[in-house]
Amino acid sequence: PFSDLSANCWSCLHPVNMFNSYNAKFHHSKALTSPYPGSHIKRSQVPEDKVGWLTEWKDYNPVEYTAKSVLAGPSWADPQINDEGFSPKFNERDGEVERKSLNGLYVVENGRPRNPVGRTGLTGRGLLGRWGPNHAADPIVTRWKRDGSGSKVAHPVTGKNILQFVAIKRRDCGEWAIPGGMVDPGEKISATLKREFEEEALNSLQKSPEEKAKLEKQLHKLFSQEHFVVYRGYVDDPRNTDNAWMETEAVNYRETMDNLPLEAGDDAGVVKWVDISEKLELYASHSYFIKLVAEKQGAHWSEDPGSECHE
């Protein structure tokens, strides 16, 4: 699994950056799906043994696609690579835009950044705004499931306590997900985590000033406590292309007050506390992040005793 890392090999040494186990586990599966989200565009097919760039493939002929919504030039998107006056500084912070990857250096070929995990059958940016890494933040807010008398609820088979997390049901695909979102230019990750949770799970944009003030207090307490960085790095996402890809920082915060006024906002259709177990079907790589949180907190994950072991 190391063969794809080449330039990023120093990142293998970074304990938080579980890129290798992640890469070996996921490789590209969601990033090879067709049709491309929100379109009828079919990716050119990439056999598993040809995903890695180190495997020579002279006939590789990916489809070029960038969505109209991106080409329209919204504030969150880059211009096209050959546009006059656009000379992005890849692998570094470029003004307010973070073009560094959490996985170390990526290759830039003919002015275009190259997906560090391998081929996806599609060039251009698809639905993603930035060439290269597109940074997101995923706040995983958890609490122990409790019964009417306030006691923790254990799973009948494993005897381990059941952990819950705040999940949103995405409007675009109907899948349950962590209420995360994109990092704004110049924004600190910690600010993104709090803002996204507020907008997506608490619908803060629709609240009165008084409600907002009360919410701010609660959230300040929640987001300023000790937290656990679950994952930092590349994400196998259906929107990824050969030249643009998702990266995230997933962070676990433990809710102790148990009275967050959950209410769907922004991109969410429904929001609720969901019991954590391996039966959960979640968006993108969210199941993997949730599993790491359950392991870290010693919570119930699987009824099958074999699946608790590490590979």
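Hi everyone, let's begin with helix H3, which is mostly covered: 10 of its 13 residues are buried. Buried here means under 20% relative accessible area, with exposed over 50% and partly exposed in between, using a 1.4 Å probe and protein chains only. Before I go on, please keep in mind that this is a predicted model, where local features need pLDDT of at least 70, side-chain atom pairs count only at pLDDT 80 or more, and totals for chains, interfaces and linings use all residues. Residues are numbered from 1 along each chain as its sequence is written, and side-chain values use heavy atoms, with hydrogens and water left out.

Back to H3. Helices (H or I, at least four residues) and strands (E, at least two) are DSSP runs, numbered from the N terminus. Among the buried residues of H3 are Leu-193, Lys-194, Arg-195 and Phe-197. After H3 comes Asn-203, with a positive phi near 50°.

Now the rings. How many aromatic pairs does the structure hold? There are 10. Rings of Phe, Tyr and Trp (its six-membered ring) pair if their centres lie within 6.5 Å; planes under 30 degrees apart are stacked, over 60 edge-to-face, and the rest tilted. Take Tyr-106 and Trp-245: their ring centres are 5.2 Å apart and their planes stand at 80°, so this pair is edge-to-face. Tyr-106 sits in the loop between strand S3 (97–98) and strand S4 (108–109), and Trp-245 in strand S12 (residues 244–254), so the pair ties together parts 139 residues apart in sequence. Tyr-106 counts as buried because its relative accessibility is 5%, and Trp-245, at 0%, counts as buried as well.

Another pair is Tyr-288 with Phe-289, whose centres are 6.3 Å apart with planes at 55°, so we call it tilted. Both of these residues are buried.

There is also a cluster, in which ring pairs link Trp-53, Trp-57 and Tyr-60. Lys-50 lies over the face of Trp-57, 5.7 Å from the ring centre, and Arg-119 lies over the face of Tyr-60, at 5.2 Å. For a charge to sit over a ring, NZ of Lys or CZ of Arg must be within 6 Å of the ring centre and within 35 degrees of the ring normal.
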